[in-house]
Structure formats: structure tokens, C-alpha cells
Amino acid sequence: MERISCDILVAGGGVAGLSCAAAFATAGFSVVCVDPAPPVTDNQSVGSDHRTTAFFQGSRNFLADAGIWERLDPQAAPLQVMRIVDAGGELPEPRVIKDFNAADISELPFGWNLPNWLLRREMVARLEALPNCDFRAGTGFKSMVTRETEALVSLTDGTQVRCKLVIGADGRNSAVRQAAGIGAKTTRYGQKAVVFAVTHPEPHNNVSTEVHRSGGPFTLVPLPDLDGKPRSAVVWMESGSEALRLRDLPEDEFNAAATERSAGIYGPLTLVGQRQAWPIIAQVANRMSAQRVALVAEAAHVVPPIGAQGLNMSLGDMITLLALAKARPEGLGDAKMLDAYERRRHPEVQLRVRGVDALNRASIAGGQGLRDMRAKGIEALYAVTPVRKALMELGLGAR
């Protein structure tokens, strides 16, 4: 049996776990990162994640400090404008269009969009360049015993890891969270998101657009052009059965349905690549810490894909946790550090989960009266400049 020691054991090799491992290792801590499934780092292999992630300004700065952003920057599509389109009238046509422009609150764009498979590729490359980071793909977290001074973690390959802090970044069904005895509250909406990419004749002009009708938003997020054609990533939220029906349509029928649901804002949409369907839930852990354990990302909270909150909330967890670790490295993983983490993050996470839950319920609205109320609400919020700016700052995490 192999026995090793390190400062931090990160469970989870998704985008969140890889980011976390890179950030703490770059800061000088010794890190072991494990995940039972080796990351898929190209867009053609089975299991490739065709979703995209938009990184807000604070998240970009975090990735830059971790030595990752310089690898991503040339391939990122900036998001200058967040556009809300209500197409909830009798016909699926735009009736309310409101633009939230980053220039109103910042000299930089709201964020930058990148494919998840590419993020994994570049993050794994960063970990390989860090001598104090041991990334063990294909090996998972099995169990742990914690004491006041340390944690002893057993891995699925029989290895035992002695560390000061265990970071659970292992997803919504987190084994670390369960081992720590932390429960979670889950809300199910009966929705799924169909994710895919399209080309279109009209340029997106670095505008991220949410089109609301019923069933959930239809969101187009800018990607770099493909063979000279404007390209966007799409997240199309619908009831679970309808999402699966759409995912499996013949391609020409799917293109027609997606174009109609987009309210035709970019002209005819043409599918490029694969379609995938992902379940939509909201979930928040009862706590985000336990003895020698911190939960981050989907181990701690899951939200519907609205307003690009998901991974940016996750990196917000890591920003807070890393700041606490750097302020008192001698107290890494102790009760004082983790109590501070709990106080700083858990209330904000709960607030944001409730906020995204409310937005999703409004976007699901199917009755004409409810859709009309939603349109009036969008217009009212947009009309008051201080409120509009405050909403943008809140979305970015600046408030």
C-alpha cells in the first residue's frame, strides 16, 4: 500500500477541480488531485463535454494567477453585452429586447466564453507543469478519517493520503460531502438543457442573448467564428421529455426548431457538432465545511444555467478559500480557517441559489398572462438606471 503526504487533497477532475488544484499548487501548496474518470480533452472522443463556460472578470483574474488564463486567452470569445429577449407573445417573435452593456460598469467585457473540453485540456497541461501537483486521473476518492490536526484519505487504488485539507470538488453527488456527513437540499424542475453549437449568418457582435418564451431560456453565447461563419454555443432548456425529443430530431428538423425558438435573431441556425442533454436541478449543501474538509463548486451548490452563475460561483468559493489559506498557511485546514470560509461563502451561495431559482421559475412560465408579467418585469427593471447597473454588478459578483 502506497502512503503519501501533501498539504491538500482535491477530489474532482472536472473544470472546477482542475482549477482548484492549479490555483493552490501555484500558490505553493503541495496538492494531490484525483478523479475516477480521466478527463476528455478533445471534442471528438466519447464523453467529451460540449458545454461552454463564461468566465467573469474575477474568475479570469483567478485563472490568471493560477497560470491558466494565458493558455486560454487566445481562444476565448469576449462577452460585451448581455441581451434579454422576451418572445412570449402569441407568436415566437421578439417583443421586448433589452441590452445590459458591460461598458456601463467596466472597461472590460462581462466575461469570456470557452468550450469545456478545451478548458480541461489546458488545465491538465498546467497541472503537468507544476512540480508540486500530482494529478491522478483514473483514481478516485474512497473514504476518509479526519482528526483535529489532519485527514487521512483512502483512494480507490489503495493509496492512503495524509493531508491538512480535503477539498471536495467532486460534483453534485459528492463522495466527499457524503463522507463528511453533510446533507443537501435538492430542487428538481423536470427540465433538461440541450447543449450544442450553431453557425448563423448574422454576427453575434460579442452579445450573449437569452431568449425567453416558455419551458426555460434559449441562450446563445458567442464563440469564435468557424470557417468564416459566426458561431454561438446554445443552451436550450425545456421540460425533460421535450428536451430529449429535440435532441433526437433529424438535423434539418432540429435546425428549423432551434431557429424558431431563437426568434430568428441571428437568421437560420445550423447545427455544428453533437447535441447533449443535461438534467437541471438546484442544490445547496447544508454546510460547506466540516473537520478538515471544504466543499466547493457543485459539491456545495448547483444552479440552473442562467446568467453564467454556476462556475463563477464555484471559482468564488476557491477565491475565498485560497485567500484564507494564504493569509494563515500555518493554519491550513484548521477550524478557524474553515469556520471563516463557512461564514463568508455559505450565506452568499444560499442567496444566489434562491435568486437563480426564481429566475428559472419565471422563465418556465407557459401561460400567456404569466409571460406578459415577465415581459413587463424586464422592462421595469431595465428602465431604472441605478437598478440596471446594480443588477449587472450583482451578476458579476462585484456586489
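Begin with the open sheet of six strands, whose order is 9-3-2-13-20-19 and whose pairing is mixed. Strands here are DSSP runs of E with at least two residues, helices are runs of H or I with at least four, and both are numbered from the N terminus. Two strands count as paired if DSSP finds at least two bridges between them. Select strand 9 (133-137) and strand 19 (289-290): these stand at the edges with a single partner strand each, so one side of each has no neighbour in the sheet.

This is a predicted model, in which local features need pLDDT of at least 70 and side-chain atom pairs count only at pLDDT 80 or more, while totals for chains, interfaces and linings use all residues. Residues are numbered from 1 along each chain as its sequence is written, and side-chain values use heavy atoms, with hydrogens and water left out.

Next, select strand 13 (residues 165-168) and strand 20 (residues 293-295), a parallel pair held over three bridges. Within this pair, Ile167 is opposite Ala294 of strand 20.

Select Arg292, in the loop between strand 19 and strand 20. Its phi is near 60°, a positive value in a residue other than glycine. Arg292 is buried at 6% relative accessibility, where buried means under 20% relative accessible area, exposed over 50% and partly exposed in between (1.4 Å probe, protein chains only). Then select Ala297, in the loop between strand 20 and strand 21 (301-302). Ala297 also has a positive phi, near 60°, and is buried with a relative accessible area of 4%. Most residues other than glycine have a negative phi.

Show the cysteines. How many disulfides are there? The count is zero, taking a disulfide as a pair of cysteine sulfur atoms within 2.5 Å. Cys6 is in no disulfide, and the nearest cysteine sulfur, in Cys163, is 5.1 Å away. Cys6 is buried, at 10% relative accessible area. For Cys133, the closest cysteine sulfur is that of Cys33, at 6.2 Å, too far for a bond. Cys133 is buried as well, at 11% relative accessibility.

Move on to strand 14 (residues 184-199) and strand 18 (residues 270-285), which run antiparallel and are joined by 13 bridges. Val194 is opposite Ala277 in strand 18. Strand 14 also pairs with strand 17 in the antiparallel sense, over nine bridges; Thr199 has Arg231 in strand 17 as its bridge partner.

Stay on strand 17 (residues 229-239) and select Ser232. Is Ser232 buried or exposed? It is buried, with a relative accessible area of 0%. Its side chain makes a polar contact with the side chain of His200 at 2.8 Å. A polar contact is a pair of N or O atoms within 3.5 Å; within protein, one must be able to donate a hydrogen and the other to accept it, and residues adjacent in sequence count only if both atoms are side-chain atoms. Strand 6 (residues 81-86) runs parallel to strand 15, with six bridges between them, and Ile84 is opposite Glu210. Strand 16 (residues 218-226) is antiparallel to strand 15, over three bridges. Strands 15 and 16 form a hairpin with five residues between them, and Gly215 in the turn has a positive phi of about 85°.

Finish with the rings of Phe196 and Phe254, whose centres are 4.8 Å apart with planes at 75°, so the pair is edge-to-face. Rings of Phe, Tyr and Trp (its six-membered ring) pair if their centres lie within 6.5 Å; planes under 30 degrees apart count as stacked, over 60 as edge-to-face and the rest as tilted. Both Phe196 and Phe254 are buried.
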